[in-house]
Amino acid sequence: MTGDHQSLALLLFLAFVALTLAITTWVSRKRHGSPEEFYAGGRLFSPVENGFAIAGDYLSAASFLGISGLIALFGYDGVLYSVGFLVAWLLVLFLIAEPVRNCGRFTLADVLAARLRERPVRIAAGTSSVTVSVLYLVAQMVGAGSLVGLLLGGTGDLARTCTVVGVGALMVVYVALGGMRATTWIQIVKAVLLLGGALALGVLVLLRFHGDLGALLSTAADRSGHGGDFLAPGLTYGGDWAARLDFISLGLALVLGTAGLPHILSRFSTVPTARAARRSVVWSIGLIGGFYLLTIVLGFGAAALLGSAEVRESSPSGNTAVPLLALHLGGGSGSTGGAVLFAVVAAVAFATILAVVAGVTLSSSAAIAHDLYATLSRRRERTPHREVVVARVAAAGVGALAIGLGLLAQDLNVAFLVGLAFAVAASANLPVLLCTLFWRRFTTRGAVWAVYGGLVPALVLVALSPVTSGAPDALFPGVDFQVFPLRNPGLVSIPLGFLAGWLGTVTSGEPADPSRHAETEVRALTGAGAA
């Protein structure tokens with residue numbers, strides 16, 4: 001790209017930053033500083049607004065950059081991410097949304113504390129929520145580094161480092177000043193921009209092939225370098241037994257992980273009733289489903305029009321496939337149309353990253369302040385105002401940690417990193433949430449064991465997997481302490497989470513309280529006594 005075209009791209013990029021900062025400033029003048037306002041936006045959002053915000057919160061850099069890139073590189077196997085991310089919402093719709101809204105206030109720990117001893121479950125759930133949130137933030141940081149480095153014409157370490165630090169600073173500002181209200185409106189704006197941009201690109205790709213999907217797929221297969229194998233399963237996950245098990249492990253993590261993501265669970269507290277929470281999920285499923293259909297078109301479009309080799313040359317993990325596709329559709333490098341379309345898509349992708357990191361940072365700061373600080377601090381020191389102050393400070397700490405880890409993992413695929421976060425969420429959060437809501441005999445010990453019994457194995461298996469060492473694309477390629485052969489731990493760690501919860505319950509000396517379970521069950525199903 002020429003200097004003038006880079007200036008145009010940078011101008012659009014800064015315009016969105018200015019818009020989001022204006023929203024944050026406007027909202028910050030109206031806040032009252034209460035936990036309900038900071039964590040839940042006063043519970044004043046409509047189902048439509050919350051549905052768009054959920055879509056904006058969920059459709060991350062992994063969706064827009066990572067999934068399309070994986071499809072461009074690996075064809076059919078990359079489509080698994082699109083399918084898994086969407087199917088997961090059926091579990092949320094039928095089992096999670098209404099009970100969580102009725103039983104919780106702001107965080108996952110609120111749901112658990114409705115029927116279990118508060119202190120141990122808050123510490124366990126708070127620790128797990130922060131861990132999942134940081135892993136999810138790292139993926140967004142990596143996407144930001146890849147995108148803006150390309151946008152500004154530099155893919156070196158300095159450009160990526162400055163970008164990651166800048167995104168981290170912005171997300172702290174959004175959360176600390178605007179809380180949930182500013183975060184929600186940023187996510188709504190981002191959802192509209194992202195869906196509009198993806199739809200425009202998808203239409204342009206289909207017009208290139210005169211609406212013939214068969215021609216699109218055959219051309220993609222021809223230019224992928226893999227021929228017909230590009231359109232069949234097994235290119236990535238079909239080699240040996242480990243690759244096949246990795247395929248199953250990833251599918252489990254994607255389908256089950258959404259229901260355990262802290263920043264998704266917190267969105268159900270921003271609407272006034274459980275019925276509104278369910279309607280929010282219905283809206284979000286429609287928006288998210290439409291978007292994932294478009295990512296399939298964009299991924300195969302990048303393979304057909306650019307070729308997998310060109311995508312891999314720009315980014316070995318495929319994270320820059322969509323911006324490069326936009327540049328090609330607009331007329332190619334050096335053309336005004338190409339530069340404009342590239343800049344618009346890059347700005348939308350950057351909006352995606354900023355909106356998601358704001359939501360995830362807010363949920364992690366809520367877990368630190370509302371669960372960990374409120375539980376571990378002295379009772380006389382706890383006030384609603386101080387809790388909100390701690391949440392704002394925690395946002396800065398989480399941002400700094402995410403920046404450091406994002407710089408370390410900058411060569412990994414964004415969608416793959418999110419898959420790891422989903423695996424940890426499905427292992428640590430989903431078992432304890434389902435057992436609390438639906439198992440009459442579940443005890444406090446079972447809850448604590450379920451959280452740590454899923455969280456610790458998931459993290460240990462990732463540390464001993466090819467993701468960390470023993471592979472050319474590992475975090476530490478120069479060393480090899482790989483023991484676990486799978487890249488995603490979900491196949492092992494998710495069952496361990498359920499098993500640990502069962503084992504903790506049956507060995508507990510403290511019997512379950514039937515009255516508290518009955519109260520929780522009525523509250524979950526009817527909303528009686530809900531906050």
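Is Arg117 buried, partly exposed or exposed? Arg117 is partly exposed, with a relative accessible area of 44%; the term covers values between buried (under 20%) and exposed (over 50%), for a 1.4 Å probe and protein chains only. The legends below describe a predicted model in which local features need pLDDT of at least 70 and side-chain atom pairs count only at pLDDT 80 or more, while totals for chains, interfaces and linings use all residues. Residues are numbered from 1 along each chain as its sequence is written, and side-chain values use heavy atoms, with hydrogens and water left out.

**View 1. The salt bridge between Glu510 and Arg117.** The side chains of Glu510 and Arg117 meet with an N to O distance of 3.4 Å. A salt bridge here is a side-chain nitrogen of Lys or Arg within 4 Å of a carboxyl oxygen of Asp or Glu. Glu510 lies in the loop between α20 and α21 (514-526) and Arg117 in the loop between α6 and α7, so the pair ties together parts that are 393 residues apart in sequence. Helices (H or I, at least four residues) and strands (E, at least two) are DSSP runs numbered from the N terminus. Glu510 is partly exposed at 32% relative accessible area.

View 2. Arg122 sits in helix α7 (residues 118-151) and Asp110 in helix α6 (residues 108-113), and the two are twelve residues apart. Both Arg122 and Asp110 are buried. A network of salt bridges links Asp110, Glu118, Arg122 and Asp371. Arg43 is buried at 7% relative accessible area, whereas Glu36 is partly exposed at 35%.

**View 3. Helices α5 and α12.** Two packed helices are described by the angle between their axes and the distance between the axes. The axes of α5 (residues 76-103) and α12 (residues 274-305) come within 9 Å and cross at roughly 175 degrees. Axes are lines fitted to C-alpha atoms, for helices over the stretch in contact, and angles run from 0 to 180 degrees between N-to-C directions. The helices are therefore roughly antiparallel to each other, a term for angles over 145 degrees; under 35 counts as roughly parallel, 65 to 115 as roughly perpendicular and the rest as oblique. The contact of α5 with α12 has 17 nonpolar, five polar and three charged residues. Ala, Val, Leu, Ile, Met, Phe, Trp, Tyr, Cys and Pro count as nonpolar, Asp, Glu, Lys and Arg as charged, and the others, Gly among them, as polar.

**View 4. The largest nonpolar core.** A nonpolar core is a set of buried Ala, Val, Leu, Ile, Met, Phe, Trp, Tyr and Cys residues joined through side-chain atoms within 4.5 Å. Of the 140 residues in the largest one, Tyr58, Phe64, Phe85, Ile96 and Phe268 touch the most other members. A second, separate core of twelve residues includes Phe106, Met180, Leu362 and Ala391. Outside four places in sequence, the residues that Phe268 touches include Ile54, Val92, Ile96, Val100 and Arg101. Contact means heavy atoms within 4.5 Å.

**View 5. Thr436 in helix α18.** Helix α18 spans residues 430-438 and contains Thr436. Thr436 is buried, with a relative accessible area of 0%. Leaving aside neighbours within four places in sequence, Thr436 is in contact with Val111, Leu112, Arg115, Leu116 and Phe442.

**View 6. Phe476 in a loop.** Phe476 lies between α19 (444-463) and α20 (490-506). Phe476 is partly exposed, at 37% relative accessible area. Beyond neighbours within four places in sequence, Phe476 is in contact with Leu408, Thr468, Ser469 and Gly470.

**View 7. The backbone at His210.** Most residues other than glycine have a negative phi. His210 has a positive phi of about 55 degrees although it is not a glycine. The loop holding His210 runs between α8 (157-208) and α9 (213-224). His210 is exposed, with a relative accessible area of 75%.
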